Amino acid sequence: MGTAGSDSNGRSRSRGMVVKALLLLGGALLLKRLTKSPTRWDHARNVSNAFSAQKFSREQACRDPDNYVNFSFHMLIYDYVRYIVLFGGRQFGELLRSPSVRWRFLKMPSNFVQRFYMVKPCPKEMKCDVELSSYAIRDVEDYKNFCDRSKDQRPLPEEVLGDIAEHLTTIHLRQCERGKRCLYEGSTPPGSFPNSWNGASYSTSEFAVLRNNEIHMWDRGFDDDGNQVWGPKGGPYEFKPATALSLTDLFSPFNLSPQVGMEKRIGGSSVLQDDS
C-alpha cells in the first residue's frame, strides 16, 4: 500500500509539473507575442485598415460651414502585388466643374478631392514606418459614382493601375509616441510638391490616423511668397466614422452626399502581401 501511495503521489507531482511547464510556456509565448515589435508590413496594414470604414466631415461642416464642406469619404481597396490602391473622395457635380464654385465651397483642386492612394512600408533606409502617396486619376469621369457601382461595373485592379496619372504628394508616416491621441502621423518633406492651381507654386499635405478610427487630412497650396492660395486655413479636414456621429448629425442638411456601403474588397485577398 505504501508503494501504491508513493506511485500515486509521484504521478500527481509529475502531472503538476507538466501543467506548470505548459502554463509557463504559454505565458512566455503570449508575452513574446505581446512584446513583438510590429514589422514594416504591420504598419502598412494598420494605416490601410484605417481607411476601411465610411467617414464624414459632417460634424466639422456643421461647426464651421464657412470653411469646411461635408465630404463623404469613400474608399475601395484594391489588392495588387505589394501595395494597395485606394479611391478617395466624392464628386459633387457642379462643385467640381466650376473653379469659382469649387474654390468657394471646397477650396481644393479637383484632383485632390478625388484621387488614388498607395500605401506601402517605408524603404528600410528611411526613418519612417509607412509611405502614403497620392496620385491624380487619369479620367475622373470614368470614376463617377464609382463606389455606388456593382462589382462587375468597376474597373479591374490592373485597369485601375493604368488610370493612375501624375504624382501629387508623398507623406512619410511614423507611429505616434505613447500617450498621444494619434496612431500615425506625418507630412510632406520640406521641399513639398509642385502645384499650380489657383496661383499656387507648391503644395503640402499632413495626415494623421487617430485612435478612434478618425482620419485628419490637411492639403494646402502656396504661392512663391509663401501665401496660402487654396485649402482650408483653420486646420485639417476631420473625417469621423459614421458610427461616431449622433442621429442629429446623420440627418443634418450639411450631408451633401448620399451614404453608401462600407469598403468593399476586390477578390477577397489579403490587404497586403509581404516580400517573402
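**The disulfides and their surroundings**

Modeller: Counting bonded cysteines along the chain, the disulfides here follow the pattern 1-2, 3-4. A disulfide, by the rule used, is a pair of cysteine sulfur atoms within 2.5 Å, and that rule gives a count of 2 disulfides. In general, a disulfide is a covalent bond between the sulfur atoms of two cysteines.

Before going on, a word on the source: this is a predicted model, where local features need pLDDT of at least 70 and side-chain atom pairs count only at pLDDT 80 or more, while totals for chains, interfaces and linings use all residues. Residues are numbered from 1 along each chain as its sequence is written, and side-chain values use heavy atoms, with hydrogens and water left out.

Let's start with Cys122, which is joined to Cys128 with an S to S distance of 2.0 Å. The torsion about their S-S bond is about -115 degrees, so the disulfide of Cys122 and Cys128 is left-handed. Both Cys122 and Cys128 are buried, where buried means under 20% relative accessible area, exposed means over 50%, and partly exposed is in between (1.4 Å probe, protein chains only).

The other bond runs from Cys176 to Cys182, again with S to S at 2.0 Å. For Cys176 and Cys182, the S-S torsion is about -115 degrees, so this disulfide is left-handed. Cys176 is buried, and Cys182 is too. Then there's Cys62, which counts as partly exposed because its relative accessibility is 30%.

Now for the strands around that second bond. Strands are DSSP runs (E, at least two residues), numbered from the N terminus, and two of them pair if DSSP finds at least two bridges between them. Strand S7 covers residues 164–175 and strand S8 covers residues 182–187; S7 and S8 pair in the antiparallel sense over 4 bridges. Together S7 and S8 make a hairpin with 6 residues between them. In its turn, Gly179 has a positive phi of about 95 degrees.

Tyr184 in turn has a bridge partner in S10, namely Val209. That takes us on to strand S10 (residues 202–210), which pairs with S8 in the antiparallel sense over 5 bridges.
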